[in-house]
Amino acid sequence: MGDTHPATVLAYHTRSKHAPDRYAAGPGTLDWDAQPEAFRDWVGANQTPLPREIAVAEIAWGELAAARAPLPFDTHNLGSLLRLCVGLTAWKEYAGSRWSLRAHPSSGNLHPTETWLVAAGITGLANGLYHYQNLHHALERHAWNDAPGDGGVWLGFSSIHWREAWKYGERAFRYCQLDMGHVLAAVSYAAALHGWQPRLLGMDAALVAHTLGLDRKHDFAGVESEEAEMILALHQTETALPGNWQHWAGKPGLLDAHPWYQWPVIEEVALATRGTPPASDRLPAVAMATDNHGTDIRAAQVLLKRRSAQAFDGQSVMPQAVFKRILAGLLPGGSPVWDVWTPPARVHPVLLVHRVEGITPGVYVMPRTGGAKDSLRTAFRDSFSWQAADTELPLFQLVAARAGKTARALSCHQDIAMQCAVTFLMVAEFAAPIAAAPAAYRHLHWEAGMLGHIITLEAEAAGWRGTGIGCFFDDAVHEVLGIKDDAFQVIYHYAIGMALDDPRISTLPAYQ
Ligand SMILES: Cc1cc2nc3c(=O)[nH]c(=O)nc-3n(C[C@H](O)[C@H](O)[C@H](O)COP(=O)(O)O)c2cc1C
């Protein structure tokens, strides 16, 4: 029998599409009081509080790309890194409700991603496997070996599907993967500030699960499982990753005592997409495109103040320099992300430009590789003009149009897609990568999430703001672009514009 996994993935993708007359299967009713716990405790594991100071507070956004000496691996610098990529950044309060925000966005603010740290030879930290507890900015020691092991630091990530599926039903697996992409990008930026260059390890999912203890069935009996995603090395030596832990402590807490629904298709697609992520190839970093916009603002401040806009003003015109800087970030060398994620680009932004200085409103595309330009041209509508729209960026105008209402209609009728300055539609090379390796389904979503994260941080640095849009009508987008089969599929939308803040919501510090 042939490999059925590609077919499972394509079937999942099709059934989890939203359409104007048929949303993907999700809960008919939601009991908001029954939302799963936002934070998982490892009950019985020893907790080590991490220092809260930001070690790199003074570096300006414009200096992000500059080479800098790596800071030593100690609890201060690791605490600083974790705060800047996966830590809490604020508490919000409105009408008696209180919720926290983190350095990376998450669909529905549900945060399915859990962070793990493996430490060996770190000053002030016993060797072992730790769960990062965002709520208290602390490490919970879950496993260790008797032998100290060679010095090194690794970050691991897992997804708790139920945190998303509870609200979003079958489409939730996609959101978990997009979130993972945001997290990977967030780590890349935070690490660059500390002079560290993370390397994604080409490790099979089963080994990632084993190293993080996620395959310990008895630990997870009766509680929500965690899906292994990836492990990154933060140090630059070839030190072997510790594993096969001899000692364990702590059990995962239950997040939802009364789950109302089950979405077995999520576990099916998770199983079908287990594989090996593309290892970072450790090429020397390419110099980033430089432009002095946002130079004065501190990079750590950008990472900590990042928020998703809940509304845009519908009128501000984005300066062309800001627009071009955002697009340059999506190309090789344009962001620290591309030192970590090094395979050829497979996700390409289509842009619905509503309000950008000097750019005719319309539909544009920026193929991120030379080859993609030809294949996108074959896949897209014949009537598109493919007029070069910039002398430096590979940006092409497909058609001049006021596309605000179209953007809103395609994005599940959400106003943010029309009121922003630009709506991005992330179009992925699809059927071929998935046929070659079904795990590509995850990796394409990671790549789209990374693009979203770069867009959002560059916008934030320049005083603008972004919002991810996971709710869109897949095939309606394909129809607009003329895509007739699954050689390409849209997998994420993103909006950037001038945010309108809601004065009724108050903000409190992340950690008192
Ligand atoms: C994958 C993904 C999909 C999202 N989809 C939507 C969306 O369809 N509509 C929307 O208003 N916000 C969307 N968001 C934004 C989240 O609601 C937001 O990140 C979350 O509430 C946390 O707020 P913060 O980003 O300000 O920290 C999405 C975010 C992500 C990462």
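Let me start with how residues are sorted today: Ala, Val, Leu, Ile, Met, Phe, Trp, Tyr, Cys and Pro count as nonpolar, Asp, Glu, Lys and Arg as charged, and the others, Gly among them, as polar. With that in hand, the shell around the ligand has 7 nonpolar, 10 polar and 2 charged residues.

Two housekeeping notes, then. Residues are numbered from 1 along each chain as its sequence is written. Please keep in mind that this is a predicted model, where local features need pLDDT of at least 70 and side-chain atom pairs count only at pLDDT 80 or more, while totals for chains, interfaces and linings use all residues.

Now, the overall picture. The protein chain has 16 helices and 20 strands; these are DSSP runs numbered from the N terminus, with helices being H or I of at least four residues and strands E of at least two. The radius of gyration, taken over C-alpha atoms, is 22 Å for the protein chain, close to the 24 Å that the globule rule gives for 512 residues, so the chain is as compact as a globular protein of that length. That rule is 2.2 Å times the number of residues to the power 0.38. Along its principal axes, the C-alpha trace spans about 65 × 55 × 50 Å.

Let's go to the domains, whose bounds come from an automatic or database domain assignment. Domain 1 covers 31-91 + 98-272, and domain 2 covers 307-497. Their centres, taken over C-alpha atoms, are 28 Å apart. Each side brings 24 residues to the contact, where contact means C-beta atoms, placed from the backbone, within 7 Å. On the side of domain 1 that touches domain 2, α4 gives the most, with 14 residues. That side has 15 nonpolar, 7 polar and 2 charged residues.

So where does the ligand lie? Both domain 1 and domain 2 give residues to the shell around the ligand, so it lies between them. There are 19 residues around the ligand, and P105, N109, S308, G468 and G470 come nearest; to be near, a residue needs its C-beta atom, placed from the backbone, within 6 Å. Two elements give two or more residues to this shell, namely α4 (172-193) and β18 (465-469). The largest share, 4 residues, comes from α4.

The largest nonpolar core has 154 residues, and A190, L232, V422 and M426 touch the most other members. The largest share of this core, 16 residues, comes from α4. At least three core residues come from each of domain 1 and domain 2. By nonpolar core I mean a set of buried Ala, Val, Leu, Ile, Met, Phe, Trp, Tyr and Cys residues joined through C-beta atoms within 7 Å. Buried means 20 or more other C-beta atoms within 10 Å of a residue's own, exposed means 12 or fewer, and partly exposed is in between, with C-beta atoms placed from the backbone.

What does L232 touch? Not counting residues up to four places away in sequence, L232 touches W154, L155, V187, P198, R199, L200 and L201.

Finally, a couple of backbone details. H137, in the loop between β6 (128-133) and β7 (138-144), has phi near 50 degrees, a positive value in a residue other than glycine. H137 is partly exposed, with 19 other C-beta atoms within 10 Å. C412 sits in the loop between α12 (404-410) and α13 (416-419), and its phi is near 55 degrees. C412 is partly exposed, with 16 other C-beta atoms within 10 Å.

Methods
Contact = placed C-beta atoms within 7 Å.
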